[in-house]
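Colleague: Please give me a close look at the places where the ligands sit. After that, carry on into the parts that follow.

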Amino acid sequence: MSKERLYLFDTTLRDGAQTNGVDFTLADKQVIAAMLDDLGIDYVEGGYPGANPLDSEFFATKPKLAHARFTAFGMTRRAGRSVSNDPGVAGLLEAKADAICFVAKSSAYQVRVALETTKEENLASIRDSVAAAKAAGREVMLDCEHFFDGYKEDAAFALACAKAAYEAGARWVVLCDTNGGTMPDEVEAIVTEVTRHIPGDHVGIHAHNDTEQAVANSLAAVRAGARQIQGTLNGLGERCGNANLCSLIPTLKLKKNFADAFEIGVTAEKLATLVKVSRTLDDMLNRVPNRHAAYIGESAFVTKTGIHASAVLKDPQTYEHVLPELVGNHRKVLVSDQAGRSNVIAELDRAGILYEKSDPKLTRLVEELKAREAAGYAYESANASFELLARRTLGKVPHYFEVEQFDVNVEQRYNSHGERVTVALAVVKVDVAGERLISAAEGNGPVNALDVALRKDLGKYQKYIEGLKLIDYRVRILNGGTGAVTRVLIESEDENGDSWTTVGVSPNIIDASFQALMDSVIYKLVKSGAPA
Ligand SMILES: CC(=O)SCCNC(=O)CCNC(=O)[C@H](O)C(C)(C)COP(=O)(O)OP(=O)(O)OC[C@H]1O[C@@H](n2cnc3c(N)ncnc32)[C@H](O)[C@@H]1OP(=O)(O)O
Ligand SMILES: CC(=O)C(=O)O
């Protein structure tokens, strides 16, 4: 059976730009358009030419896209104006775009209240605008704003709006769940009804995520016959966002019912770049990736519990719905208080630590791990501290040096310019193979001073830690009141760009920080193969 073509329309650069906190630059828009084209998206909606200088500039020159049709978005002509006398429509016709996607109300209530015009004038505006863009040689689409709410209120009028666009020559009539409150069964029933009047291969869906069902609503529309899906990367979009293409694309490619019936422009090879595409966008917008995102999140293929890990190590399919590599993700087994021997063994294998499966020290390691987690350590976030714990329990960490004593003082005083300054001073005494070394250092805080002093002179080991630097320091108070325990996580990096995280726990923040610092230094020595 031959597959039907399903078209993907990306509106990251238009509806995505309506996300609270998202602000694209021209360079961002150019890079993202190219990235979407490379991914295999059919339509890239670049923005709203005429609405702001950035979008007008973006549409002044058409980006070189290999496959995707570059699309301009904007309103139909305003009530009471002709298309030739409407600056908004003129801006759209002047835009260097392959396609124009108009937006028009398709709800009688919205026409009455928001536009303050008549249903007849709204229908005429749709017809005139679509016909003008078609006559100008553009591929035309109409986003029927508020379609589903409008249909529930006055089905004949909502349908008349959609039909007016189709009959005036629109290639696509896109049904919008603008307020995002429609349920999947309603979408399926209404789209089924619409496709009795307009062929499904001319019908699209634009779903918002206000009930967390934009993806489900898009799939419901496809089941009912729609053949274009609008969405955004990472689900960006007004309010709670749009249908997330990073979830929809893998579902369409990998889930049997859809994959058997439909072809999309994204190849299996490009599907494997999806994690990279998603992270690139997050990086550009300085947003923290959603680690729990379906398919592409960092946690999407993470196994934390012992029972799951034991099965995953025998066959990943026991707890994975698809292979992570298919979307460019990877499998990870964590060690934590939920872990069993299987998690620990997986982590030892990953770190390249040799062990005997029958060695009773392995059981001791699992017990030690759980006891420490109960005391506040979090090894799933501190890979290097876990590796040291494992190596120490299995007897594989050399005794490099001994810190005999450290002092940290914080002092507030006036400097030579008469300004009040707070200065931290640390002194560390270290025994390296019988040689006592004393280092002192100032820092902008006590932990910084301690870190600098500890790494100032480690004798024969100094050369191994020259490139070491701390790149992140996080503190969490684990329980309140006088019995509070502090957990410190430190991320370090070396001259090769390799990074690792260590953990320290203590009622005293300096002590917790010192443990994490020591683990970081010792991990670096182990990693560098420093001799005992
Ligand atoms: C559901 C969606 O996401 S639709 C996309 C929404 N995106 C945006 O609005 C972003 C870009 N918008 C803008 O920069 C501005 O709103 C502009 C440039 C388009 C218009 O700005 P202004 O002329 O100052 O109008 P303003 O934004 O205050 O109001 C919108 C006007 O368009 C009218 N209008 C709204 N939708 C439509 C439509 N589909 N067709 C015709 N007219 C419309 C409204 O009735 C209102 O008219 P009024 O000024 O006579 O009351
Ligand atoms: C067009 C659009 O963004 C909407 O109706 O939600």
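**The ligand sites and beyond**

Modeller: Start with V103: one of its backbone N or O atoms lies 2.8 Å from a nitrogen atom of ligand 1. Everything here comes from a predicted model: local features need pLDDT of at least 70, side-chain atom pairs count only at pLDDT 80 or more, and totals for chains, interfaces and linings use all residues. Residues are numbered from 1 along each chain as its sequence is written, chains are lettered from A and ligands numbered from 1 in the order in which they are written, and side-chain values use heavy atoms, with hydrogens and water left out.

A114 uses its backbone, where a polar atom is 3.4 Å from an oxygen atom of the ligand. How much of ligand 1 does the protein bury? Alone, ligand 1 exposes 1000 Å², and the protein buries 54% of that. Such areas come from the Shrake-Rupley method with a 1.4 Å probe; for residues, only the protein chains shown count as cover.

Now the shell. There are 16 residues around ligand 1, and Q18, M75, T76, R78 and V103 come nearest. A residue is near a molecule or strand if one of its heavy atoms lies within 4 Å of it. By class, the shell has eight nonpolar, three polar and five charged residues. Here Ala, Val, Leu, Ile, Met, Phe, Trp, Tyr, Cys and Pro count as nonpolar, Asp, Glu, Lys and Arg as charged, and the others, Gly among them, as polar. Three elements each supply at least two of the shell residues: β4 (69-75), β5 (99-105) and α4 (108-115). β5 gives the most, with three. These element names refer to DSSP runs, numbered from the N terminus: helices are H or I, at least four residues, and strands are E, at least two.

Turn to ligand 2. Which residues surround ligand 2? They are R14, D15, V103, D143, E145, C176, T178, H206 and H208. For D15 the distance is 3.0 Å. For T178 it is 2.7 Å. For H208 it is 3.0 Å. Taken alone, ligand 2 exposes 210 Å², of which the protein buries 94%. Its shell holds two nonpolar, three polar and four charged residues.

UniProt, in an unreviewed entry, lists residues 6-272 as "domain: Pyruvate carboxyltransferase". UniProt positions are given in the numbering used here, feature names are shortened, and annotations may be inferred rather than shown by experiment. Across residues 6-272, the model is 43% helix and 18% strand. The end C-alpha atoms of that span lie 19 Å apart.

Next, T232. T232 lies in the loop between β9 (228-231) and α10 (245-254). Is T232 buried or exposed? T232 counts as buried because its relative accessibility is 0%. Buried means under 20% relative accessible area, exposed over 50%, and partly exposed in between (1.4 Å probe, protein chains only). Leaving aside neighbours within four places in sequence, T232 is in contact (heavy atoms within 4.5 Å) with residues including D10, T11, T12 and G16. N242, A243, N244, L245 and C246 are on its contact list as well.

Helix α9 spans residues 214-223 and is mostly covered, with seven of its ten residues buried. The buried ones are A214, N217, S218, L219, A220, A221 and V222. G225 follows α9, and its phi is positive, near 125°.

Last, S492 in strand β17 (residues 486-493). S492 is buried because its relative accessible area is 0%. Its side chain makes a polar contact of 2.6 Å with the side chain of S520. Not counting residues up to four places away in sequence, S492 touches L468, K469, L470, I471, D498, S499, W500 and S520.

Note on methods: Polar contact = N/O pair within 3.5 Å; in protein donor to acceptor, adjacent residues only side chain to side chain.
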